[in-house]
Amino acid sequence: MGICAATPDEALQFRARALAADLNLRVAARADRACDLLLIVTDSGLELHETGRSAVGAVKVDLGRTGASARRLATASRRQPIARAIGLKKRTPTILDATAGLGRDALLLARLGCTVTAVERSVILGAMLRDALERAATADAAAECPKCHFTLVVADAVDVLASMSAPEAPDVVYLDPMYPQTGRSALPKKEMRILRRLVGDDSDAGALLEAARRAARNRVVVKRTPHAPPLAPAPSTSIRGKLARFDVYLTQT
Ligand SMILES: C[S@@+](CC[C@H](N)C(=O)[O-])C[C@H]1O[C@@H](n2cnc3c(N)ncnc32)[C@H](O)[C@@H]1O
């Protein structure tokens with residue numbers, strides 16, 4: 001994997017070199033065939049590209065709509081399965097999203113008013129999330145800023161959960177590990193393919209669920225494809241949406 005700037009612009013080149021040093025990546029040419037993935041620094045953010053003939057395109061962290069349009073989206077989202085799964089109706093829980101990925105679910109939860117700690121163990125995705133959050137913070141008025149409800153931690157969530165003291169524990173731990181390769185995904189196919197190339201299969205998701213069940217005050221929510229088996233037997237309840245099922249494991253006694 002390598003990194004390059006999208007254009008010869010000196011500021012982008014400088015940023016690419018700085019990120020290369022931070023992330024321990026090689027500065028590469030855009031056409032470098034030795035790199036299967038390229039992190040490209042553009043003036044609108046960081047993009048992750050596949051390379052080679054069968055390349056399917058790019059992924060980027062898109063914090064999307066802001067302002068009134070974002071508020072309308074959040075109001076509509078309160079009826080979505082994810083909102084029911086986290087128990088939003090009764091209160092606005094604190095959430096630890098232990099599998100932040102491209103930050104879409106975490107952002108949706110933040111827009112619903114939840115205070116979200118998003119944990120991602122890929123340093124590349126961590127850099128993309130941080131970059132997008134910093135851009136959003138400067139673009140948005142403070143009141144609209146998703147960053148106000150959003151803390152990013154780049155680490156393995158098993159360690160983060162294990163080191164939490166009781167007062168720090170979130171109400172809900174939210175998990176969306178990579179789906180088994182044969183399953184359908186809520187993320188578009190091309191994005192899933194690039195993500196899988198970067199982070200692999202999350203075959204340790206069972207251990208993450210165990211750590212989550214020990215830490216969550218109220219529940220763990222696991223996002224699965226509609227027909228995938230549950231990550232652990234006997235969820236307390238399951239909430240079905242069109243593209244995903246949310247298995248809820250209550251932890252409160
Ligand atoms: C399917 S993606 C999540 C997509 C995300 N829900 C979104 O809306 O963009 C799964 C992500 O979880 C991350 N992940 C898996 N296990 C993790 C762990 N133990 N700690 C931190 N991140 C983890 C992977 O690196 C990957 O980026």
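These legends describe close-up views of a predicted model.

Residue numbers start from 1 along each chain, in the order its sequence is written. Because the model is predicted, local features need pLDDT of at least 70 and side-chain atom pairs count only at pLDDT 80 or more, while totals for chains, interfaces and linings use all residues.

**View 1. The whole protein chain.**
The protein chain has 8 helices and 12 strands. Both are DSSP runs numbered from the N terminus: helices are H or I with at least four residues, strands are E with at least two. Of the 253 residues, 35% count as buried. Buried means that 20 or more other C-beta atoms lie within 10 Å of the residue's own; exposed means 12 or fewer, partly exposed is in between, and C-beta atoms are placed from the backbone. Among contacts with a separation of 6 or more, 62% join residues 24 or more positions apart. Two residues are in contact if their C-beta atoms, placed from the backbone, lie within 7 Å.

**View 2. The shell around the ligand.**
The ligand has 22 residues around it, and Thr99, Gly101, Arg104, Arg121 and Ala157 come nearest. A residue counts as near a molecule or strand if its C-beta atom, placed from the backbone, lies within 6 Å of it. The shell divides into 11 nonpolar, 4 polar and 7 charged residues. Here Ala, Val, Leu, Ile, Met, Phe, Trp, Tyr, Cys and Pro are nonpolar; Asp, Glu, Lys and Arg are charged; the others, Gly among them, are polar. Helix H4 (104-111), strand E7 (115-120), helix H6 (157-162) and helix H7 (189-199) each supply at least two shell residues.

**View 3. The sheet of 5 strands.**
This open sheet has mixed pairing and the order E2-E1-E3-E4-E5. Its edges are strand E2 (26-27) and strand E5 (58-60), each pairing on one side only. Strands pair if DSSP finds at least two bridges between them. E1 and E3 run parallel over 4 bridges. Isoleucine 3 stands opposite leucine 39 in E3. E3 and E4 run antiparallel and are joined by 6 bridges. These two strands form a hairpin with 2 residues between them. Leucine 39 also stands opposite leucine 48 in E4. Strand E4 (residues 45-50) pairs with E5 in the antiparallel sense over 3 bridges. There, histidine 49 has alanine 58 of E5 as its bridge partner.

Helix H1 (residues 10-23) has 14 residues. From first C-alpha to last it reaches 20 Å, close to the 20 Å expected at 1.5 Å a residue. The expected span is 1.5 Å times one less than the number of residues. H1 packs on the sheet, touching strand E1 (2-5), E2 and strand E3 (37-42), and its direction makes about 165° with that of E1. Axes are lines fitted to C-alpha atoms, for helices over the stretch in contact, and angles run from 0 to 180 degrees between N-to-C directions. H7 lies across E3, E4 and E5, at about 90° to E4.

**View 4. The loop between E2 and E3.**
Alanine 29 sits in this loop. It counts as exposed because it has 11 C-beta neighbours inside 10 Å. Alanine 6 is 23 residues from alanine 29 in sequence, and the two are 9.8 Å apart in space, C-alpha to C-alpha.

**View 5. The sheet of 7 strands.**
The order in this open sheet is E8-E7-E6-E9-E10-E12-E11, with mixed pairing. Strand E8 (150-154) and strand E11 (237-240) are the edges, each pairing on one side only. Neighbouring strands are turned by 20° against each other on average, direction ignored. Strand E6 (residues 94-97) and strand E9 (residues 172-175) pair in the parallel sense over 3 bridges. Leucine 96 stands opposite valine 173 in E9. Helix H8 (residues 205-215) packs on the sheet, touching E9, strand E10 (219-224) and strand E12 (245-250). The direction of H8 makes about 165° with that of E9.

**View 6. Residues with a positive phi.**
Most residues other than glycine have a negative phi. Aspartate 202, in the loop between H7 and H8, has a positive phi near 50°. Aspartate 202 counts as partly exposed because it has 17 C-beta neighbours inside 10 Å. Alanine 234 lies in the loop between E10 and E11, with a positive phi near 55°. Alanine 234 has 7 C-beta neighbours inside 10 Å, so it counts as exposed.
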